[in-house]
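Work through these exercises with the structure open beside you. Try each task before reading its solution.

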Amino acid sequence: MEENTDLNGSEENPAEELPEVTSDAESGDLHKTIQLSGMYQNWFLDYASYVILERAVPEILDGLKPVQRRIMHAMHDLDDGRFNKVANIIGHTMKYHPHGDASIGDALVQLGQKDLLVETQGNWGNILTGDNAAAARYIEARLSKFALEVLFNPKTTRWKLSYDGRNREPVTLPAKFPLLLAQGVEGIAVGLASKILPHNFNELIEASIRILQEKDFDLLPDFPTGGLADCSKYNEGLRGGKVRLRARINQVDKKVLVISEIPFGTTTGSLIDSIVAASEKGKIKIRKIDDNTASTVEIVIHLMPGVSPDTTIDALFAFTDCEISISPNNCVIQEGKPRFIGVKEILRESTRYTVDLLRAELNIRRAELMENLLFASLEKIFIENRIYHEIEECGSWEEVITTIDHSLEPYKPQFYREIVTDDILRLTEIKIKRISKFNSFKADEYIKNQSDEKAQVEHYLDNLTEYAIEYFRNIKRKYGKGRDRRTELRSFDTIEAVMVAAANQKLYVNRVEGFAGTSLKKDEFVCDCSDIDDIIIFREDGTVIVTKVAEKVFVGEQVIHIDVFRKNDERTIYNLAYQDGKTGGVYVKRFAVVGVTRDKEYNLTKGTKGSKVLYFTANPNGEAEIIKVILKPRPKLKKPVFDFSFSELAIKGRNSQGNILTKYAVKKISQAEAGVSTLGARDIWFDDSIRRLNTEGRGRLLGAFLGDDKILTIMQSGHYRLYNFDISNHFDEDLLIIEKFNEKKPVSVVYYHAEKEFYYLKRFQVEVTDKKTDFIGEEPDSKLIQVSTEWLPRFLIVFDEKINNRAIDDEEVEASAFIDVKSHKAKGKRLTTFAVKKIKMLDPLPYQPEEEEAETVVEEITETVPEKPVELPSHDHKPPIDDDAVQMTLEF
């Protein structure tokens, strides 16, 4: 068999030779021997290129995939201002798209649901619930006015033949708007994928204007489903970036939460399924879920009695699809090749393309105007100079053309180009009726109008940047209404799952045998916990270990304390007294266990063999009790019994050896007096960027909190609410004021009373309640104007001269002099009967509040008392101890 070239015409690769054909003499059948390696190498590359360029990845210039572009082109072909059946649109699109009706229908529904290029009629599904659109024969569509204005212009469109060569289709549509970023896109090709997130319509226009003004800009995604977004790691949409999305969850009361917006990419059905799954696993505790979603999302979550709403909200973010992460991957086709570029560069390229299209349109219009002027001038010369009379004696058509051309010779220098035969032919086509009714004045007016428009177009060309800026502003004026940002940008805190997981398990311990777990139900109950918690175990030999909650795990014999471990907990302080070795002295220490390595054993003593814990307490708020120490009798012992206060010790790390309590043998240590916290008040900050409390110094310091101290919040809706200083608290979206609550401090409010149609001022002291309280009345149209928690606030009333029909001087109002402090239910006092333009808040008057008595502070401090320690008894299952053995006490 002679050699043949491969499919690419190469003779170097024998693996790519044409198939070898052999014959079977007996059967007469022909058999082919096919080498697959070359075919795979070439055909797969062709296939991959086709999928990338013609199926999955959008073009950077018009922001459309091929199927979307062909749908737009087909809809423009059919457009007559009326709605068309989607089935008809699909059939028409198949002239350009070779991949069947299913892909066309799905792509058209997605375009319709984005509510930008396509106006819809009928049931087009719901992106919130995930419901599918009705069949194509039941729904209708047409191009939106926006699409007709920014997407089509046959004069600037580049064309190519369709797949079968029977029709023309656009290479790209002349899109004068960043559609790619406005709509977003997602596609999976061979070897790569594209995921471009949607952005806000008006923000894209403003960013394009800033590009034209050579200013910097920021561009972050905006999602049609609303919700909250943390875009701190967006990375301009490039690979490696991440956007965290959260549902908007509001607390109605202590037992009900409502989800009003969901993360992009989820549906109400999938979100509810994830919540139910988390509830079944015991991660959250809910009673039931109601889905009332229609045009807007409304998922009502009913909580179990006694469950914290704030902790449940955090748990929903931690364990359900109420928080998801999206990883963008901006891949586009640019100059026929896939490229990975950021959203800023995409917008710059789109803006440059828009300017180029505007320039091309202006140049086309300028050329059209010049042609209009040329022919209008020719027509006027032809009729006014009666050149048509000169052709009456001509014997042939060529002589007619020559005669007219010769007659126009004196006027040719005034035209911008040469007069050609086609121009003369147009003159000969003028009808006698037009010649007889020719009006020289109207002709001059038409020429002037065309000249003025030409001058205007040339002005635009000379000032193209300003023209493009005005073009974008005009688009915003016409189509930007109702396209405000839907997704609120927010910085999210990191929720630790172990801190918000519901306590779905019970922890038990066998102290003597050294086992702990959730399955030891016959042993001692310790506390409720979750299945993802860690537990901390202190043993009698002075060692401590942290391990994971399990059904049954060995934690070491002689357990003296076990509890759920909270990482970085600096408030829980452990007080310890231990004997160093069998005959050594007794040491005392105070320490916190902030961070450890799981399943690693740590020694709290000096490490001497035979060391033993004599006294131990765990104090959740750093309490320091007084202990009574009884020494073993011995000759010449002057003080066999004495007291010691742990408040004399500094709080150190777990590895410190402690201070010597006594060098003599100890018979017993017990608690003599309950202690108070030595940690003092706790500084609490409010981070406005994430709207959460913290103790790390982020944001604004609210103050030092202790015991029953409260936080006062005032909302724009005209409500106030008191919170404790738990850092897991969630606050309302319309929060205006947040500060440490002072029950003696009045709140001053200026509000508009909808029923009376006047402005009122009221002052009241906040009533201590855990409910959300309304203070401006139940009239739905009443609204809060100004609110102050200063002692002596002032307000300035600016009157409306037009409505009052006269000038009225601004009036300054001192709240304390205007009205006394009353109940929050009081209506208040009317500020004025004149029409008001606005009310501003002035700087408050100076005021020095009375200092609180010291006794009050002492009483507040002594309120925090740790639980009473429990003496370690001589358990039946514990080895007997003699009278001289050490008696230990333990606080749980």
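**Exercise 1.** Find the helix that holds both Glu458 and Lys454, and state how many residues apart they are.

*Solution.* 
- Step 1. Both residues lie in helix 15, residues 440-462.
- Step 2. Glu458 and Lys454 are 4 residues apart, about one turn of the helix.
- Step 3. Their side chains meet in a salt bridge, with 2.9 Å from N to O. The model is predicted, and this distance is computed from it.
- Step 4. Glu458 has 23% relative accessibility and counts as partly exposed.

**Exercise 2.** Explain which parts of the chain are tied together by the salt bridge between Glu203 and Arg485.

*Solution.* 
- Step 1. Start with the contact. The closest N and O atoms of Glu203 and Arg485 are 2.8 Å apart.
- Step 2. Place each residue. Glu203 lies in helix 7 (residues 201-212), and Arg485 lies in the loop between helix 16 (464-479) and strand 19, so the pair ties together parts that are 282 residues apart in sequence.
- Step 3. Check the cover. Glu203 is partly exposed at 29% relative accessible area. Arg485 is partly exposed too, at 24%.
- Step 4. Side chains of opposite charge can pair when their charged atoms come close.
- Step 5. The structure holds 51 salt bridges.

**Exercise 3.** Glu379 forms a salt bridge with Arg434. Decide for each residue: buried, partly exposed or exposed?

*Solution.* 
- Step 1. The closest N and O atoms of this pair are 2.6 Å apart.
- Step 2. Glu379 sits in helix 10 (residues 343-384) and Arg434 in helix 14 (residues 432-436). The two are 55 residues apart, and the pair links distant parts of the chain.
- Step 3. Apply the cut-off: buried means under 20% relative accessible area. Glu379 has 8%, so Glu379 counts as buried.
- Step 4. Arg434 has 46% and is partly exposed.

**Exercise 4.** Which strands pair with strand 31, and in what sense?

*Solution.* 
- Step 1. Strand 31 (residues 623-631) pairs with strand 35 (residues 666-677) in the antiparallel sense, over 8 bridges. In this pairing, Glu623 stands opposite Ser677.
- Step 2. Strand 31 is also joined to strand 32 (residues 641-645) by 5 bridges, again antiparallel. Here Ile626 has Ser645 as its bridge partner.
- Step 3. Strands of a sheet pair through backbone hydrogen bonds, either parallel or antiparallel.

**Exercise 5.** List the residues of the negative surface patch and of the positive surface patch.

*Solution.* 
- Step 1. The negative patch is formed by Glu755, Glu778, Glu779 and Asp781.
- Step 2. Asp781 is in the loop between strand 44 (773-774) and strand 45 (783-788). At 59% relative accessibility, Asp781 counts as exposed.
- Step 3. The positive patch is formed by Lys802, Lys837, Lys838 and Lys840. Strand 50 (residues 836-842) gives the most to this patch, with 3 residues.
- Step 4. Lys802 lies in helix 18 (residues 801-804). At 75% relative accessibility, Lys802 counts as exposed.

**Exercise 6.** What is phi, in degrees, for Glu335 and for Asn568, and where do these residues lie?

*Solution.* 
- Step 1. Recall the background. Most residues other than glycine have a negative phi.
- Step 2. Phi of Glu335 is near 55 degrees, a positive value. Glu335 is in the loop between strand 17 (331-334) and strand 18 (337-340). Its relative accessibility is 77%, which counts as exposed.
- Step 3. Phi of Asn568 is near 60 degrees, also positive. Asn568 lies in the loop between strand 26 (559-565) and strand 27 (573-579). Asn568 is partly exposed, at 48% relative accessible area.

Terms used. Residues numbered from 1 in each chain as written. Predicted model: local features only at pLDDT ≥ 70, side-chain atom pairs only at ≥ 80, totals over all residues. Heavy atoms only, no water. Patch = residues over 30% accessible without salt bridge, like charges linked within 9 Å, V, L, I, M, F, W, Y side chains within 5 Å. Areas by Shrake-Rupley, 256 points an atom, 1.4 Å probe, with all protein chains shown as cover. Salt bridge = Lys/Arg side-chain N within 4 Å of Asp/Glu carboxyl O. Lys, Arg positive; Asp, Glu negative; His and termini not counted. Charge placed at Lys NZ, Arg CZ, Asp CG, Glu CD. Buried < 20%, exposed > 50% of the residue type's maximum accessible area, 1.4 Å probe, protein only. Pairing = 2+ DSSP bridges.
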